[in-house]
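The briefing takes one topic at a time.

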Amino acid sequence: MDPTLLMALSFVLLLLIGVPVGISMGLAAVLAMTSANMPMSYLVQTAYSAVDEFTIIAVPMFILAGTLMEKGGLTRRLIGFSRAIVGPSPGGLATVTIVACTFFAAISGSGPATTAAIGSIMIPAMIRDGYDRGFGAAITSSAGGIGVVIPPSIPMIIYGITSETSISALFVAGVVPGLLLAVVLWLTSRFISVRRGYSSGDVEPRSLGNIGRAALEAKWALAAPVLILGGIYSGVFTVTEASVVAVLYALFVGIFVYREIRVPVFIDAVVYAVRITGTVMLVLVTGRIIGRMLSMFQVPQLVSGFLIETVSDPIMLIVLVLLMLVFIGMWMETLTQIIILTPLLLPVVANVGIDPIQFGIIFVIACEIGYSTPPLGVNLFVASEIGETTVEKVSKASIPFLFAEIAVMALVAFVPQLTLWLPGLLGFVN
């Protein structure tokens, strides 16, 4: 049997019988290598080279930083500041959720982490004020996905490593689309809230005084994204160095300012970060092996050539790629699809004039949509668990938000300046 076909079939079969993604990819690669009579030393060499990169240090550091900031009291103060900004308005608590998720996104770099951190406070608050459980969980699940679009973003780091694209440029490029996602989610939630009569909850009137007091209370939390992203964009430190700065800042604020991080809390945060990082590294290593083998057998060239020859219209080709990303995102874990699909699809979209940075943001938005689509949407499970409702109800309530997010993804695909203007302005692209 052809090694590529054997690798694909074995990977799918292993997933169907419940083998974890990282192990499935590794076993599939071993079977294909055995079929092609390749030496097992290639497996070890490729695995080592996959993690022998300075940039990868940013992944566990940003995971740890986000966890420490959540446990250190920054999340609660960001929500308080968001409440002051929104004030009393129809669907005000839904708006607070979106605003808080947007702020926390500039700290965590993770969609599920953002959903859990904000949802644990906002979903019960919305339910107490008469919001439908499914709606409250759905808006949190969708807004939590902004965590991977607004920098820092762990999927952007993985895409940058896989495609050999500047991670700093990707971070800059994600700002405008991330804010655009927040706006369209707010418009959608506002429309639904007005129709259903959802209130703003027990919120003080919006005033400069209230906003000022909330900003003062949350000043250390608000300074975090300014320090992290400002340092990257100004060139003071690299993405990897920024991740370490984020951890040190979270520790300083949590221990000496808010005094909410104690030794047991710190240990829990480190254990969580190590566990998540282990999973990410396994997927990264096995995915790199599969990616190298696909390149060796010229699969990306074959896929690119087939799509370009089959679909002659560039617009239809882009639409086909977008639909493919959304569909695959429903069934495949985020980092896995980035590692496997990037070498396959990047040559295709590059042939019709899409910049690698632009495609990276499109891909990350597709991943964000995947977080809120069944059957494997991680945010759906997190939000439904917090809201004590079923995934089916959350999925149904998420449909309007998914259409809004897909519209933004299409807009980013057909309007390059949404992603390339800011990186060009700051000198990251020519």
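In this predicted model, the axes of helix α9 (residues 154-163) and helix α19 (residues 356-370) come within 10 Å and cross at roughly 140 degrees. Because of that angle, α9 is oblique to α19 (angles under 35 degrees count as roughly parallel, over 145 as roughly antiparallel, 65 to 115 as roughly perpendicular and the rest as oblique). Axes are lines fitted to C-alpha atoms, with angles from 0 to 180 degrees between N-to-C directions.

**Basis of the values**
- Local features need pLDDT of at least 70, side-chain atom pairs count only at pLDDT 80 or more, and totals for chains, interfaces and linings use all residues.
- Residues are numbered from 1 along each chain, and side-chain values use heavy atoms, without hydrogens and water.

**α9 and α19**
- Pro155, Met156 and Tyr159 in α9 meet Pro356, Phe359, Gly360, Ile361, Phe363 and Val364 in α19 (contact means heavy atoms within 4.5 Å).
- The residues of this contact divide into eight nonpolar, one polar and no charged; Gly counts as polar.

**α5 and α12**
- The axes of α5 and α12 come within 8 Å and cross at roughly 165 degrees.
- That angle is why α5 is roughly antiparallel to α12.
- Arg77, Gly80, Phe81, Ala84 and Ile85 in α5 meet Asn210, Ile211, Ala214, Ala215 and Glu217 in α12.
- By class, this contact has six nonpolar, two polar and two charged residues.

**α13**
- Buried residues of α13 (under 20% relative accessible area, with a 1.4 Å probe and protein chains only) include Ala221, Leu222 and Ile228.
- Among the elements that cover the buried residues of α13 are α4 (58-71) and α14 (239-257).
- Gly235, with a positive phi near 85 degrees, follows α13.

Definitions and conventions:
Helix = DSSP H or I, 4+ residues; strand = E, 2+ residues; numbered from the N terminus. Buried < 20%, exposed > 50% of the residue type's maximum accessible area, 1.4 Å probe, protein only.
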